[in-house]
Amino acid sequence: MKRVHCVAGSVLLLALASPALLHAADYAIGADVSFLRQAEQQGVVFKERGKGKPGLQILREHGYGWVRLRLFHTPTDLPNDLGYTIALARDAKKLGMKFLLDYHYADGWADPGKQPIPKAWQSKSHAELVQAVFEYTRDTIAAFRAADVLPDMVQIGNEVTNGILWPDGKLPQQWDNFAQLIYAGINGVDAGRGNGARPQIMIHIDRGGDVAGTKAFIDKLDSYHVPYDIIGQSYYPWWHGSLNDLRQNLEFMARSYSKDIMVVEAAYNWKPTIYTDKPAPFPETPQGQREFLDEVNRVVMETPNGRGKGVFWWEPAVTGPLTSRGYFDEQHNALPVVTVFDRFARK
């Protein structure tokens with residue numbers, strides 16, 4: 001068993017609140033809409049039954065209460081910098097939606113296959129990276145707070161199964177370094193929130209249908225006594241197994257760890273894309289896409305001990321080659337999948 005403390009300069013950084021003191025999250029019906037503002041700025045008009053509406057309004061009217069927004073350090077090709085993310089969070093908060101912030105700790109995509117150090121940090125030592133993660137997280141959280149859009153939940157990294165900030169925090173080689181970097185991010189959230197409510201802390205991995213992989217990661221993480229609240233899982237069936245695999249993993253997590261659980265990324269295609277030469281678990285059609293989300297949500301809601309706390313889609317407003325994973329067709333008309341949660345929206 002190991003306990004890691006982060007030292008930033010000469011100051012010992014300690015997590016300031018125990019997850020046990022936090023209220024359990026309400027069931028989250030959400031979507032990652034990080035591309036949505038860019039699409040609308042570029043002239044896309046999302047429509048429902050032929051009538052143009054803001055994309056967020058369409059989601060809100062169909063029971064969506066959460067948005068997930070990614071944040072890149074200094075993006076060059078993608079829009080997801082601090083100012084853009086604050087503006088999109090403000091749009092969501094105006095509709096009464098809650099906000100999950102997804103730190104990538106990179107200038108672009110960070111995922112299990114790549115966790116690049118931001119260009120501004122590339123010459124730093126491990127101790128300097130710990131300090132940089134703390135200060136960057138603190139300062140960006142403070143900026144969200146100053147804009148009156150303090151996140152309700154924060155991911156410390158994106159799909160961190162293989163670590164963050166490679167090679168310094170790459171797993172399985174650098175578990176001590178990784179744990180210190182995660183502590184620094186959590187402490188940065190606490191330092192930046194001021195007197196605001198403490199966001200819940202999520203650790204996000206990509207082992208939706210993998211019990212053994214989940215156990216190996218979470219057991220090792222917990223040996224460092226990292227103070228987090230939510231286990232986030234990605235679940236794409238072409239990568240992460242069957243719905244039964246997902247169900248078994250949710251049951252395992254619920255019975256093994258005192259944590260709430262969310263499927264924080266899920267998607268399926270509404271036209272033939274992945275399953276063109278192999279059997280598909282659902283038809284790659286608009287109705288098949290809807291059935292997939294309905295079933296994933298049912299599996300999460302049936303998680304033992306009430307530990308299943310939400311589902312997020314990735315990503316309704318995506319355009320370009322991944323349009324088939326979105327909620328809108330090529331003419332930007334809403335597809336049947338958007339209606340899955342209507343029963344939660346009815347008054």
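Accessible areas come from the Shrake-Rupley method with a 1.4 Å probe, and for residues only the protein chains shown count as cover. With that in hand, the accessible surface of the protein chain comes to about 14000 Å², and 51% of this belongs to carbon and sulfur atoms.

A word on the model: it is predicted, so local features need pLDDT of at least 70 and side-chain atom pairs count only at pLDDT 80 or more, while totals for chains, interfaces and linings use all residues. Residues are numbered from 1 along each chain as its sequence is written, and side-chain values use heavy atoms, leaving out hydrogens and water.

Let's look at the overall form. For 347 residues, a compact globule would have a radius of gyration near 20 Å, and the protein chain agrees with 19 Å (taken over C-alpha atoms; the rule is 2.2 Å times the number of residues to the power 0.38). Of these 347 residues, 57% count as buried, meaning under 20% relative accessible area with a 1.4 Å probe, protein chains only.

The protein chain has ten helices and 14 strands; these are DSSP runs numbered from the N terminus, with helices (H or I) of at least four residues and strands (E) of at least two.

Because 15 of its 18 residues are buried, α5 is largely enclosed by the rest of the structure. Just after α5, Gly194 takes a positive phi of about 60°.

Terms used:
Buried < 20%, exposed > 50% of the residue type's maximum accessible area, 1.4 Å probe, protein only.
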